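Work through the exercises below with the sequence and the model at hand. Try each task before reading its solution.

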Amino acid sequence: MEYYHPRYSSGRVKKRSRFSRFVLYFIFILIIAAVVVAYQLYKVILKPNTWVKDDQAISLYIPTGSDFDDLKVLLYEHGIVINRISFEWLAKKKNLKNNIHPGRYLLEDGMSNDELINLLRSGEQTPIKLVFNNIRTKEEFAEKISKQIETDSTEIIKLLNDSAYLGIFSFNLENIVSMFIPNTYELYWNMSAKDFMDRMYTEYNKFWNNERRQKAELLGLDPEDVSILASIVDRETAKNDEKATIAGVYLNRMKYNWRLQADPTIIYAWGDFGMRRVLNVHKQIDSPYNTYKYYGLPPGPICIPSVAAIDAVLNQEKHNYMFFCAKADFSGYHAFASTHAEHNINANRYRRALDQRNIRK
């Protein structure tokens, strides 16, 4: 017969009960710790940690040669990163220090550390939209471009004034600006000056397709000649609807071997772009750009011609006009004439209008 002792039996039960409570308590502590750790990791990795004013995306430009300290300055001085400690901790874990790529990055409000670091590590920058138009000189062009990409204007000018380098593209110091076709281009902010030139040459060849080249050939011109004439047309009028008419006048004069006698070329020769009235004394300047003195086209464009002006030359209006001058109503349009006598009437009318407004130069 088995002997049962209640006191000893209840003791073992109590011990098991205490052990079970300890296990449950330990598991509970582990769960709490796991939740705390998970939340801390969430805050470090996934919680939004960027702030952008007015919820608008902001462009972050990382210059070539930047290190992690430079990057932190860029992020912190704009107040983009909210919690710097968590950002730097995760950046260290993900080795951002050795994976910094220059360029333009579009940052949005509410990005997590993980999103921000992954973007910067990837090097997948956002292209810029580069625009240029209405430019007269190489210096003005270089300055305009340098304000939109990382390359300094001096680097661009250096290439534009390097005849040996320009020979690679079959251009020279005078006509190089005809390689640049005004438009909006999508490209990377940190591209070098040489990469920029290569891109512009590619775009130039796309623009001068077979159709445009054939039209130029029918006129007895090459693309550079067309650009030179188009630049004169551009400086003569801002009215696109009369560019083809003016182009027709100059082509008529070239056909009969007349001097172009284009006032904008005189202004370019003097370098006085504020000149409003070309006088006889101005026409005496000895310059290859003086089309009152020399026959044919000047050696290069007097501005970067617009697409509208280039196409106006290629699709010039066919007529018998040999002369034109600005209308006396200062509308920006021109009066055209086939004979010198008709032109004198128009020119005298315009000169009187200038005198009445006391425009002497």
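The model is predicted: local features need pLDDT of at least 70, side-chain atom pairs count only at pLDDT 80 or more, and totals for chains, interfaces and linings use all residues. Residues are numbered from 1 along each chain as its sequence is written, and side-chain values use heavy atoms, with hydrogens and water left out.

**Exercise 1. State how many helices and strands the protein has, and what share of its residues is buried.**

Step 1. The protein has 14 helices and six strands; these are DSSP runs (helices H or I, at least four residues; strands E, at least two), numbered from the N terminus.
Step 2. Of the 361 residues, 40% are buried. Buried means under 20% relative accessible area, exposed over 50%, and partly exposed in between, with a 1.4 Å probe and protein chains only.
Step 3. Take the contacts (heavy atoms within 4.5 Å) between residues at least 6 apart in sequence: 64% of them join residues at least 24 apart.

**Exercise 2. Check the span of H10 and describe how its N-terminal end is capped.**

Step 1. The expected span is 1.5 Å times one less than the number of residues.
Step 2. For the 14 residues of H10 this gives 20 Å, and the end C-alpha atoms are 20 Å apart, so the two agree.
Step 3. The cap is Asp-222, with a side-chain oxygen 3.1 Å from the backbone nitrogen of Glu-224.

**Exercise 3. Classify the packing of H10 against H12 and list the residues that meet.**

Step 1. H10 covers residues 223-236 and H12 covers residues 263-270; their axes are 8 Å apart and the angle is about 95 degrees. Axes are lines fitted to C-alpha atoms, for helices over the stretch in contact, and angles run from 0 to 180 degrees between N-to-C directions.
Step 2. H10 is therefore roughly perpendicular to H12 (under 35 degrees is roughly parallel, over 145 roughly antiparallel, 65 to 115 roughly perpendicular, the rest oblique).
Step 3. On the H10 side are Ile-232, Arg-235 and Glu-236; on the H12 side are Asp-263, Pro-264 and Thr-265.
Step 4. By class, this contact has two nonpolar, one polar and three charged residues. Ala, Val, Leu, Ile, Met, Phe, Trp, Tyr, Cys and Pro count as nonpolar, Asp, Glu, Lys and Arg as charged, and the others, Gly among them, as polar.

**Exercise 4. Decide whether Val-226 is buried or exposed, and find its contacts.**

Step 1. Val-226 is in H10, where twelve of the 14 residues are buried.
Step 2. Its relative accessibility is 0%, so Val-226 counts as buried.
Step 3. Apart from neighbours within four places in sequence, Val-226 is in contact with Trp-208, Ala-216, Leu-221, Ile-310, Val-313 and Leu-314.
Step 4. Val-313 is 87 residues from Val-226 in sequence, yet their C-alpha atoms are 6.7 Å apart.

**Exercise 5. Relate Thr-237 to Gly-332.**

Step 1. Thr-237 lies in the loop between H10 and H11 (243-255); with 3% relative accessibility, Thr-237 counts as buried.
Step 2. Gly-332 sits in the loop between strands E5 (323-326) and E6 (334-337) and is partly exposed at 36%.
Step 3. The two residues are 95 apart in sequence and 6.9 Å apart in space, C-alpha to C-alpha.
Step 4. Beyond four places in sequence, Thr-237 touches Glu-242, Lys-243, Ile-246, Gly-332 and His-334, while Gly-332 is in contact with Thr-237, Lys-239 and Glu-242.

Terms used
A polar contact is a pair of N or O atoms within 3.5 Å; within protein, one must be able to donate a hydrogen and the other to accept it, and residues adjacent in sequence count only if both atoms are side-chain atoms.
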